[in-house]
Amino acid sequence: MSSCAAWAAPPGWRRIDILSDLHLQDDTPRTFEAFAAHLLHTPADAVLLLGDIFEAWVGDDACSEPGFEQRAADVLKAAAQRRWIGFMAGNRDFLVGPGLLRATGLHALVDPTAITAFGQTLLFTHGDAWCLADTDYLAFRSQVRDTAWQQAFLSRPLAERRAVARGMRQASMARAATMAPETWADVDAQRARQELIASDAQHLVHGHTHQPAVHDLGGGRQRWVLSDWDLDHGPTRAEVLVWTAEGLQRQAPSA
Ligand SMILES: [Mn+2]
């Protein structure tokens, strides 16, 4: 069982927005604009970013050069001045570090985190760590989440890190092209139930699989899967999960 962070929302919060899997990069300008507009204009008191906000993140020092990362940091900073924003790493942006969080005013969210608000406790995770059938990926994950591996990677020149990220993205796209999203590994239901019981939470909320749905886990427990976002290719996908005293509800982003 993973060690789980747990905290209660401040009593003044009325609405918490949850989003993930925007996979932002330099060539997704419409998705980026929709993300920025939502963060700046949502009426929510808090926003939980549940991972893979960025398609790749090669180190917080990337923000020191004019370009995509710097624009993204500017948006996050402006948004964090208006409301509480929490950041949980995904399998793409796990190298977001304390430098970016400090510079923007974002709060780190441990994976998983249980939050109590509106008389209910929900458990939040990106989702990749509990896709237990994906053993190749889990081996890769434990390698790249290792502190020594990360220090070695981050000590390489920025241009070299960008080249490695490009190569990994191409390999991942080539792999994904051979598999429909429905066939990707999914969060293990037994593990999800165990984690909910251990953290005394009612529902699990996660992203990662790009298969928005609500799954019944029995005993009144549910697994809510977030939508990915894509406003740059084909049919538009963009959805925010809104948590209020009324429960959970999917909504279009604020414009
Ligand atoms: Mn992911």
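Predicted model: local features only at pLDDT ≥ 70, side-chain atom pairs only at ≥ 80, totals over all residues.

Author: In helix α2, the buried residues are Phe68, Glu69, Ala72, Ala73, Val75, Leu76 and Ala79.

Reader: Where do they sit around the axis of α2?

Author: On the same side of α2, because they cover an arc of only 160° around the axis.

Reader: What span should α2 have, and how far apart are its end C-alpha atoms?

Author: Helix α2 runs over residues 68–80, which is 13 residues. At 1.5 Å a residue it should span 18 Å, and the end C-alpha atoms are 18 Å apart, so the two agree.

Reader: What covers the buried residues of α2?

Author: The cover includes helices α1 (29–41), α3 (98–104) and α6 (158–177). Strands β3 (46–49) and β4 (84–87) are also part of it.

Reader: Now the largest nonpolar core. How many residues, and which have the most contacts inside it?

Author: It has 35 residues. Phe35, Leu39, Leu49, Phe54 and Phe87 have the most contacts inside it.

Reader: Which element gives the most to this core?

Author: α2, with six residues. At least two residues each come from α1, β3, α2, β4, α3 and β11.

Reader: Switching to sheets. What's the strand order in the open sheet of six strands?

Author: β5-β4-β3-β2-β11-β12, with mixed pairing. The edge strands, β5 (107–108) and β12 (247–251), each pair on one side only.

Reader: How do β2 and β11 run?

Author: Antiparallel, joined by three bridges. Ile16 has Trp243 of β11 as its bridge partner.

Reader: And β8, are its faces covered or open?

Author: Both are covered. His203 and Val205 are buried on one side, Leu204 and His206 on the other.

Reader: How does β8 pair with β7 and β10?

Author: β7 (residues 120–125) pairs with β8 in the parallel sense over four bridges. Phe124 has Val205 of β8 as its bridge partner. β10 (residues 221–225) also runs parallel to β8, again with four bridges. There, His203 stands opposite Gln222.

Note on methods. Residues numbered from 1 in each chain as written. Heavy atoms only, no water. Buried < 20%, exposed > 50% of the residue type's maximum accessible area, 1.4 Å probe, protein only. Pairing = 2+ DSSP bridges. Expected span 1.5 Å × (residues − 1). Arc of directions from axis to C-beta. Contact = heavy atoms within 4.5 Å. Core = buried A, V, L, I, M, F, W, Y, C linked by side-chain atoms within 4.5 Å.
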